[in-house]
Each structure stands twice: as structure tokens, then as C-alpha cells.
Amino acid sequence: MVVPILFRTRNRSVQSMPVVLIILGSKSDLEIGKKALTMLQKFGVSSEIVVASAHRTPERLWTMVRDSDAKVFITIAGLAAALPGAVASYTTKPVIGVPVSGAVNLDSILSIVQMPPGIPVAAVGLDRGENAAILAVEMLAISDARLAGKLEEYRKEMVDKIEKDSKEVQA
Ligand code: RP5
């Protein structure tokens with residue numbers, strides 16, 4: 001039996017609710033979604049990946065966003081990437097868009113960047129699922145000192161790596 005999304009999400013326990021919901025426009029975007037998921041796991045932020053298309057399943061997408069308790073949405077889509085903008089139109093929570101590379105690339109970038117005034121989407125670079133996750137963590141860290149500390153540690157890791165890399169190329 002197919003359980004409607006509406007029913008499933010309303011009956012979830014508080015513990016299982018993802019803080020960040022990662023929505024893919026298609027299963028073919030999964031590799032980019034995994035980059036976001038892995039980075040969120042590194043920061044100890046709960047997340048979940050789902051598939052819902054703005055064009056192919058508009059009702060499913062609307063219901064999913066409406067019933068989600070996530071604090072931030074990461075939306076990943078290619079081609080005429082309407083997904084991030086559509087999600088932003090259904091919620092006042094922050095929405096991060098990740099354009100997915102393809103034959104053209106600028107198609108998905110411009111679809112996400114060129115939002116009309118009043119309904120913003122925070123766009124990260126092409127295929128940059130990991131950056132979407134870091135940006136989501138930065139948003140959450142505004143009211144979470146533990147996450148803010150983890151972001152500082154992450155920056156320190158990058159500094160250490162660059163210094164190590166520099167020593168290696170100098171040797
Ligand atoms: C977009 O169209 C999806 O986000 C995906 O990046 C692209 C191609 O979708 P599929 O044909 O692989 O399902 O809606």
C-alpha cells in the first residue's frame with residue numbers, strides 16, 4: 001500500500017525529523033545529494049534525502065515542504081531547475097539551491113540565481129552539494145554554539161591542510 005507523504009510526515013517522531021531536508025529533482029542527482037549528506041554527517045546535523053520534482057510532481061513537492069519540520073532545505077536540480085524556486089515559494093525557511101551540471105550548465109545556474117524579488121534562493125556553485133551543506137550549517141550555527149565551534153574547527157582543518165600542502169610542494 002502506498003502511504004501518502006502527508007500521513008507519513010505528520011506521524012514522524014521528533015527524533016527522526018531531519019534538521020535539513022535534501023530534495024533532489026531526480027534520482028539522477030543523487031551523487032550531488034550524497035556530497036551534502038556526507039558533509040552534514042560530519043557536522044552531526046541530521047538530514048534526509050528525498051526525490052520530488054517541481055515539474056513532474058508539483059503536488060508531492062508542495063505537500064512535502066508544507067509538512068516538513070526541517071529548518072533548512074537543500075534543493076538539487078539540473079536543466080530548467082525550478083525546484084529551488086518552487087520550494088522557496090512554499091516556505092519562509094531558508095532554501096539553498098544546487099545547480100547540477102549537464103550539457104549546458106548555465107541553464108540550471110540561471111534558473112536558480114534569477115529568482116524574482118521577494119522569493120530568494122541561496123545558490124551555491126555547480127554540483128557543490130558539500131558547500132550547500134556548509135552553508136546550511138552556518139545558518140543553523142547562528143543559534144547553536146556547538147555548531148559554530150565545529151565550523152571553526154573545520155576552517156582550522158583547511159588551514160592545516162594548505163600549510164601541509166605548501167610544505168610538500170616546496171620540498
Ligand atoms: C531535473 O532534470 C533533475 O533535477 C535532473 O537534474 C534533470 C534530469 O532528470 P532525469 O531525466 O535524470 O530524471 O529535473
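Analyst: A patch is built from residues with over 30% relative accessible area and no salt bridge, and nonpolar side chains are joined into one patch when they lie within 5 Å. The model is predicted. By this criterion, V104, L106 and L110 make a nonpolar surface patch of about 290 Å². V104 belongs to the loop that runs between β4 (95–99) and α5 (106–113). Its relative accessible area is 55%, and because exposed means over 50%, V104 counts as exposed.

In soluble globular proteins, nonpolar side chains tend to be buried together. Here the largest nonpolar core comprises 26 residues, and V20, I22, L40, F43, V45, I74 and I76 are those with the most contacts inside it. At least two residues of this core come from each of β1 (20–24), α2 (30–42), β3 (72–77), β4, α6 (129–141) and α7 (145–170). The greatest contribution is that of α6, which gives seven residues.

With its neighbours within four places in sequence left aside, I76 is in contact with I22, I23, L24, G25, D29, I32, G33, L83, V98 and V100.

The strands form an open sheet of five, in the order β2-β1-β3-β4-β5, with parallel pairing. The edge positions are taken by β2 (47–51) and β5 (122–123); each has a single partner strand, so one side of each has no neighbour in the sheet. Between β1 and β2 the parallel pairing extends over five bridges. Within that pairing, S47 of β2 is the bridge partner of V20, a residue already named for its contacts inside the largest core.

S68 is located between α3 (58–67) and β3. Its relative accessible area is 12%, and because buried means under 20%, S68 counts as buried. Apart from residues up to four places away in sequence, S68 touches L21, F73 and K93.

The charged pairs complete the account, for the structure holds eight salt bridges. One of them joins E157 and K42, whose closest N and O atoms are 3.0 Å apart. E157 lies in helix α7 and K42 in helix α2, so this pair ties together parts that are 115 residues apart in sequence. E157 is partly exposed, at 40% relative accessibility; K42 is likewise partly exposed, with a relative accessible area of 40%.

Another salt bridge is formed by R66 and D67, with the closest N and O atoms 3.2 Å apart. R66 is partly exposed, at 38% relative accessible area, whereas D67 is buried, at 10%. A further salt bridge connects E138 with R155, the closest N and O atoms being 3.5 Å apart. This pair links distant parts of the chain, with E138 in helix α6 and R155 in helix α7, 17 residues apart. E138 has a relative accessible area of 32% and is partly exposed.

Terms used. Residues numbered from 1 in each chain as written. Predicted model: local features only at pLDDT ≥ 70, side-chain atom pairs only at ≥ 80, totals over all residues. Heavy atoms only, no water. Patch = residues over 30% accessible without salt bridge, like charges linked within 9 Å, V, L, I, M, F, W, Y side chains within 5 Å. Areas by Shrake-Rupley, 256 points an atom, 1.4 Å probe, with all protein chains shown as cover. Salt bridge = Lys/Arg side-chain N within 4 Å of Asp/Glu carboxyl O. Helix = DSSP H or I, 4+ residues; strand = E, 2+ residues; numbered from the N terminus. Buried < 20%, exposed > 50% of the residue type's maximum accessible area, 1.4 Å probe, protein only. Core = buried A, V, L, I, M, F, W, Y, C linked by side-chain atoms within 4.5 Å. Contact = heavy atoms within 4.5 Å. Pairing = 2+ DSSP bridges.
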